Amino acid sequence: MEHAIRAACEVSGDNEVFVFGSQAILGQFPEADEQLRRSIEVDLSPKNKPEAVDKIDGALGENSPFHQTHGFYVHGVSLETACLPKGWKKRTKEVRDYMDDNKIGRCIEAHDLAASKLMAFREKDTQFVRRLILENMIGVNELLNRIQLIDADQEIKQRARNWVQRMADEMN
């Protein structure tokens, strides 16, 4: 995580990035289960220079020399692609680069991340959220609250709420 943050900050010319893909879970749970850490992609966006996402993608993205060297890649993505709950920025978890304390990653908090993943509702996303619930890394009630805070179509939000409720019922 720190390496991705440092590299993205250097390429973008920004000292802070938002990490909002699945690997954001490492901001809150650095020792997360291997199943939650298996992605080779770190999705992020420069906080103060959002226009630099293309620079990140070009220099650190899939099939780049960075990817080939390190076995993972950094995907520069616009924050607008994610459906995040209102107030998510103040709940981010800070990760500082161990080699340069001035380079900061602001990782999406686990409940916000799960709610966002349920808006996309791909199989890999529901499996990710299921694992967060089963590992007691997030609470069902708080997840339901965060879904309510997302500005999205009511049908999409209802699909997510129904899925969470089914998960809760299965666990009981």
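Phe121 is found in the loop between H5 and helix H6 (123-134). The model is a predicted one. Phi of Phe121 is near 60°. That is a positive value in a residue other than glycine. Most residues other than glycine have a negative phi.

Is Phe121 buried, partly exposed or exposed? Its relative accessibility is 25%, so Phe121 counts as partly exposed. The buried class would need a value under 20%.

Asn136 has a relative accessible area of 64%. The threshold for exposed is over 50%, so Asn136 is exposed.

## H5 against H7

Two numbers describe this pair. In general, packed helices are described by the angle between their axes and the distance between the axes. Helix H5 spans residues 110-120 and helix H7 spans residues 140-148. Their axes come within 9 Å. They cross at roughly 60°. H5 and H7 are therefore oblique to each other. The crossing of H5 past H7 is right-handed.

Which residues make the contact? From H5 come His111, Asp112, Ala114, Ala115, Leu118 and Met119. From H7 come Glu142, Leu143, Arg146 and Ile147. By class, the residues of this contact divide into six nonpolar, one polar and three charged.

## Strand S1 and its two partners

Strand S1 covers residues 16-19. S1 pairs with strand S5 (residues 104-107) and with strand S2 (residues 41-46). With S5, S1 runs parallel, and four bridges join the two. With S2, the sense is antiparallel, over three bridges.

Val19 illustrates both pairings. In S5, Val19 stands opposite Cys107. In S2, Val19 stands opposite Leu44.

## The faces of S1

In a regular strand the side chains alternate between the two faces of the sheet. In S1, Glu16 and Phe18 lie on one side. Val17 and Val19 lie on the other. Are these faces covered or open? Both are covered: Glu16, Phe18, Val17 and Val19 are all buried.

Key. Residues are numbered from 1 along each chain as its sequence is written. This is a predicted model: local features need pLDDT of at least 70, side-chain atom pairs count only at pLDDT 80 or more; totals for chains, interfaces and linings use all residues. Side-chain values use heavy atoms; hydrogens and water are left out. Buried means under 20% relative accessible area, exposed over 50%, partly exposed in between (1.4 Å probe, protein chains only). Two strands pair if DSSP finds at least two bridges between them. Axes are lines fitted to C-alpha atoms, for helices over the stretch in contact, and angles run from 0 to 180 degrees between N-to-C directions. Angles under 35 degrees count as roughly parallel, over 145 as roughly antiparallel, 65 to 115 as roughly perpendicular and the rest as oblique. A crossing is left-handed if the near helix is turned anticlockwise from the far one by less than a right angle, and right-handed if clockwise. Contact means heavy atoms within 4.5 Å. Ala, Val, Leu, Ile, Met, Phe, Trp, Tyr, Cys and Pro count as nonpolar, Asp, Glu, Lys and Arg as charged, and the others, Gly among them, as polar.
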